[in-house]
Structure formats: structure tokens, C-alpha cells
Amino acid sequence: MKHALLALSALMGLTAVPALSHAQSSPLSFNAAVSSDYRYRGISQTRLKPAFSAGVDYAAANGFYVGAWGSTIKWIKDFGGDADVEIDVYGGYKGQFSKGLGYDVGLLQYIYPSAQTPTWDAGFEDPNTTELYGALTFGPVTGKVSYSLSNLFGNYDFVNGRDTKGSYYLDLSAPFEVGGGFTLTPHIGYQKVKNLDVASYSDYAVTLSKDFSGFLLSASVVGTDADKTFYASPANGKFLGRSGVVLQAKYSF
């Protein structure tokens, strides 16, 4: 049986919802960040090592937005591919049904340039992944579902000839002001990988952050109940979904 893999990517390191503000003075914004680990849906993309990321967003006044984001990664090469970076391209629309009840719908493409090699293709499908997402926000609480329109990050059941299209991720989070300019954001999520039950799991995160005029510092406690064998790094055998603390410094301008 060819071993399957699920290394998950992100727009924001811990969540996948593009965090765009339509109230900013310019529709164009940029961001750059350094973090102690690139976690996405609880799983490390950098073998529990630091990562650098940067992005650009365009948010129109009518609610439409497009953007791109990239980060250094290690998991593609660890599994025999040839990609050092992940590039995410997305677009969507944000609006309100009524005061206090907002929505966000869009399409996201995860791209891993030149990832496929003979070694990679011997065990996995194309890692490039397309997801359709939709989110509802009521007060501070946001619930989101992401639905895969392609195989999920190269995962495929080769024995039974079954793909992982139709996999989904459920996400619930809410930011709370706790005084002194600090924000506390709890998060829970569930990743269902279609036709690969061993790859399905739940994750959690609690993030404390503070914005210093566009310079955001954060610390997150992150963990999962993912399968420790399936989500072990082939480079060193470490569990990529283990509980830990992720530190990040991000500048937006």
C-alpha cells in the first residue's frame, strides 16, 4: 500500500480565512511575518522549524477581494518532492446579511511550484489543491467550511483507486478583547479526509496577540489528535501535529 500524506497549508499560519479589512484607507495592503513554526490546521509545514511568509491583498469597497500569500515549507522535499515554498492565490466576496451577521465566500488555490518528481509521483498525486470556502460571522464568532475540489494535498487511496476530492475542514473561532490591547482567540477545527479515515483529525489553538500600530505579536498554543504515525515527518520521525507553542511577528502595511 502506498502511504498517503496530508500536509496542510495556510493563508494565515493557523487559519485559512483571508483576514481582509474593507475599512482601510487603501484597497491594497501587504504583510510579512516570521514564525517559530508554520502550522496549518494544527499540522507543521516546516518540520517544527521557523518559517518566513509574505502576502498582498486587494480589497475593493464593494466587498470583492483578491490576494496572494507565500511561505517557506519543508514537507514537500521531506516526502521526495522538489518545492521549498507554498504560494496561495485566492479571491472572494465579503458582505453582510444584516447588522452583526456577515458572510465570506471564495476560492483558494494552493500551489507548490515544481513539486512533482519521480519519487513524489511514486507515492502521491499532484499536491496542488483547490478549495471552495464559505464563512459566517455573528458577533465575534466565525464559523467556516472549506471544501476540496481536487485531491487534498496529494492524498489518494492507491489500493482502492479512490481520490480525496470532497474532503472538508470545519473551523470555529472567536477573538475577544481581554484588556491592555490584547486579543485572545480560541479556535477548534475538524479535518475530514475523504476515503482516508486515518488522515482525519481535530485540532485546536488558543492565540494571544497584540497589535503595535501594524506590528502584530502573537503566541499560540496549538495541538491535534491526529494519527502520530501518519503525521510523522519522514526526515526525523517527529509528530508534526504535537502540542506546542508557536510565536509569530507580523507586520502589515
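## A walk through the salt bridges, rings and core

Let's start with a charged pair: R47 and D78 join their side chains in a salt bridge, 2.9 Å from N to O. R47 is in the loop between β3 and β4 (51-59) and D78 in helix α1 (residues 75-78), so the pair ties together parts that are 31 residues apart in sequence. A salt bridge here is a side-chain nitrogen of Lys or Arg within 4 Å of a carboxyl oxygen of Asp or Glu. Helices (H or I, at least four residues) and strands (E, at least two) are DSSP runs, numbered from the N terminus.

A quick word on what you are looking at: this is a predicted model, where local features need pLDDT of at least 70, side-chain atom pairs count only at pLDDT 80 or more, and totals for chains, interfaces and linings use all residues. Residues are numbered from 1 along each chain as its sequence is written, and side-chain values use heavy atoms, with hydrogens and water left out.

Back to R47. With a relative accessibility of 22%, R47 counts as partly exposed, because buried means under 20% relative accessible area, exposed over 50% and partly exposed in between (1.4 Å probe, protein chains only). R47 also has a phi near 55 degrees, a positive value in a residue other than glycine. S114, in the loop between β7 and α2 (118-121), has a positive phi too, about 60 degrees, although S114 is not a glycine. S114 is exposed, at 59% relative accessible area.

How many salt bridges does a search of the whole structure find? It turns up 7. One of these contacts is between the side chains of R41 and E131, at 3.0 Å from N to O. This pair links distant parts of the chain: R41 sits in the loop between β2 and β3 (43-44), E131 in strand β8 (residues 129-138), and they are 90 residues apart. Both R41 and E131 are buried. Then there is K77, which forms a salt bridge with D82, their closest N and O atoms being 3.7 Å apart. K77 is partly exposed at 39% relative accessibility, and D82 is partly exposed at 40%. Salt bridges that share partners join K77, D82 and D84 into one network.

Now for a charged residue without such a partner. D104 lies in strand β7 (residues 101-111). D104 is buried yet has no salt bridge, and the nearest side chain of opposite charge, K94, is 4.3 Å away. For charge, Lys and Arg count as positive and Asp and Glu as negative, while His and the chain ends are not counted. What does the side chain of D104 share with that of Y65? The two are joined by a polar contact of 2.5 Å. That term covers a pair of N or O atoms within 3.5 Å; within protein, one must be able to donate a hydrogen and the other to accept it, and residues adjacent in sequence count only if both atoms are side-chain atoms.

On to the rings. Rings of Phe, Tyr and Trp (its six-membered ring) pair if their centres lie within 6.5 Å; planes under 30 degrees apart count as stacked, over 60 as edge-to-face and the rest as tilted. By this rule there are 16 aromatic pairs. F30 and F253 make a stacked one, 5.6 Å centre to centre with 20 degrees between the planes. Their pair links distant parts of the chain, 223 residues apart: F30 is in strand β1 (residues 28-35), and F253 is in the segment after β17 (244-252). F30 is partly exposed at 33% relative accessibility, whereas F253 is exposed at 52%.

Y40 and Y110 form a tilted pair, 6.4 Å centre to centre and 50 degrees between the planes. Y40 lies in strand β2 (residues 39-40) and Y110 in strand β7, so the pair ties together parts that are 70 residues apart in sequence. Y40 is buried, at 0% relative accessible area, and Y110 counts as buried at 0% as well. Y40 and Y110 belong to one aromatic cluster, along with W75, F79, Y112, W120, F124 and F153.

Finally, the core. A nonpolar core is a set of buried Ala, Val, Leu, Ile, Met, Phe, Trp, Tyr and Cys residues joined through side-chain atoms within 4.5 Å. The largest one has 32 residues, of which W75, I76, Y112 and Y231 touch the most other members. The elements giving two or more residues to this core are β4, β5 (64-72), α1 and β7.
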